[in-house]
Amino acid sequence: MNPDDDLPPTDAAAALRLIEDQRSATARRLVPDARLLYWPWGVAWLVGFGLFFLRFSPGDRELLRLPVWLPLTVLFALLLTAGVIQAVVNARAYGQVIGDSALRGRWYGCAWALGSVSVYAGLGRISEYLPDDLAGLVWSATAVGLTGALEMAGGAIWLDRDLFRLGVWISVINLAGAIAGPGWHALVVAVAGGGGILVAGTIARRRQRHRQ
Amino acid sequence: MSELDPVIHAQARLRVVASLSALGDGDRIAFPRLQELLAMTAGNLSVHLRKLEDAGYVEISKTHRGRTPATLIRLSRRGRLAFEEYTEAICTLLDPALPKEQL
């Protein structure tokens with residue numbers, strides 16, 4: 001046992017400094033960097049849906065000559081990467097903290113997983129009867145709509161204003177993109193959606209630093 | 001500073017309590033993680049946790065995660081209150097004119 005650490009802090013100012021340092025150090029270690037949680041998704045949407053727009057452009061055009069399989073493959077690979085980063089970052093930060101927070105996180109994760117599977121199962125059966133451009137629109141509008149709704153729900157669970165606002169933004173641009181039609185939807189989601197996620201991550205990080 | 005709570009008013013235990021106070025209300029932290037956050041030896045942390053437990057400030061529970069036994073720690077309601085009162089007392093010492101709502 002360190003002989004000094006049973007002694008009181010030298011004065012009130014030292015005690016207060018010790019409290020503040022310890023609380024912010026703990027918060028820094030237990031709360032993951034918001035950029036790592038937001039930015040990988042932002043990049044995935046920006047690049048993935050961006051390629052989708054360039055390959056499957058409005059009016060059956062092809063702004064950039066790319067293999068048909070490329071945009072979706074890149075999108076899924078980037079989404080998967082973002083998911084893995086999120087899982088690792090969360091496990092590192094919240095690992096070995098047990099209780100209400102862990103339960104919230106686990107149930108929220110279940111909502112994403114099961115929600116996606118159940119929605120896409122129905123969609124898969126319908127979209128084969130649709131022309132390619134409409135099938136693409138239905139898939140991406142549903143995925144983006146689900147994301148917006150779950151982000152709003154996440155904001156409500158953690159009383160996280162940034163996450164809630166992002167959910168509202170994603171839902172609104174999804175609506176605008178769906179009205180604009182096939183092709184345009186991908187452009188709106190890439191620029192306003194992906195860009196929105198990047199901005200939200202920056203804002204969330206700034207709020208975090210301010211708090212710590 | 002004689003009127004300050006002697007259980008918390010020791011550097012190591014103040015650090016332990018301050019760290020635990022940063023956890024969510026319904027959360028517990030595993031012993032090794034707390035040890036890592038505080039950069040204390042296991043023996044040292046155990047000694048201080050026992051003192052805090054004796055005062056009723058922390059709750060220590062033994063459980064199993066899978067097959068490995070785990071020790072989980074959290075601040076009790078009483079401990080949280082004691083920590084708040086301690087922080088308030090420190091702030092009053094630093095600036096007696098400060099109204100309590102601003103602390």
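I looked up the secondary structure of chain B and found 4 helices and 3 strands, taken as DSSP runs numbered from the N terminus (helices H or I, at least four residues; strands E, at least two). The pattern along the sequence of chain B reads α-β-α-α-β-β-α.

I noted the conventions: this is a predicted model, in which local features need pLDDT of at least 70 and side-chain atom pairs count only at pLDDT 80 or more, while totals for chains, interfaces and linings use all residues. Residues are numbered from 1 along each chain as its sequence is written, chains are lettered from A and ligands numbered from 1 in the order in which they are written, and side-chain values use heavy atoms, with hydrogens and water left out.

I then traced the sheet, which is open and has 4 strands in the order β1(A)-β1(B)-β3(B)-β2(B), with antiparallel pairing; a pair requires at least two DSSP bridges. At its edges I found β1 (97-99) of chain A and β2 (58-65) of chain B, each pairing on one side only.

I examined the pairing of β1 (residues 27-30) with β3 (residues 68-75) in chain B and counted 2 bridges between these antiparallel strands. Ile29(B) has Ile73(B) as its bridge partner in β3(B).

I next checked helix α1 (residues 11-21) of chain B, which packs on the sheet and touches β1, β2 and β3 of chain B, contact being heavy atoms within 4.5 Å.

I finally recorded burial: 44% of the 103 residues of chain B count as buried, that is, under 20% relative accessible area with a 1.4 Å probe, protein chains only.

Notes. Axes are lines fitted to C-alpha atoms, for helices over the stretch in contact, and angles run from 0 to 180 degrees between N-to-C directions. Buried means under 20% relative accessible area, exposed over 50%, partly exposed in between (1.4 Å probe, protein chains only).
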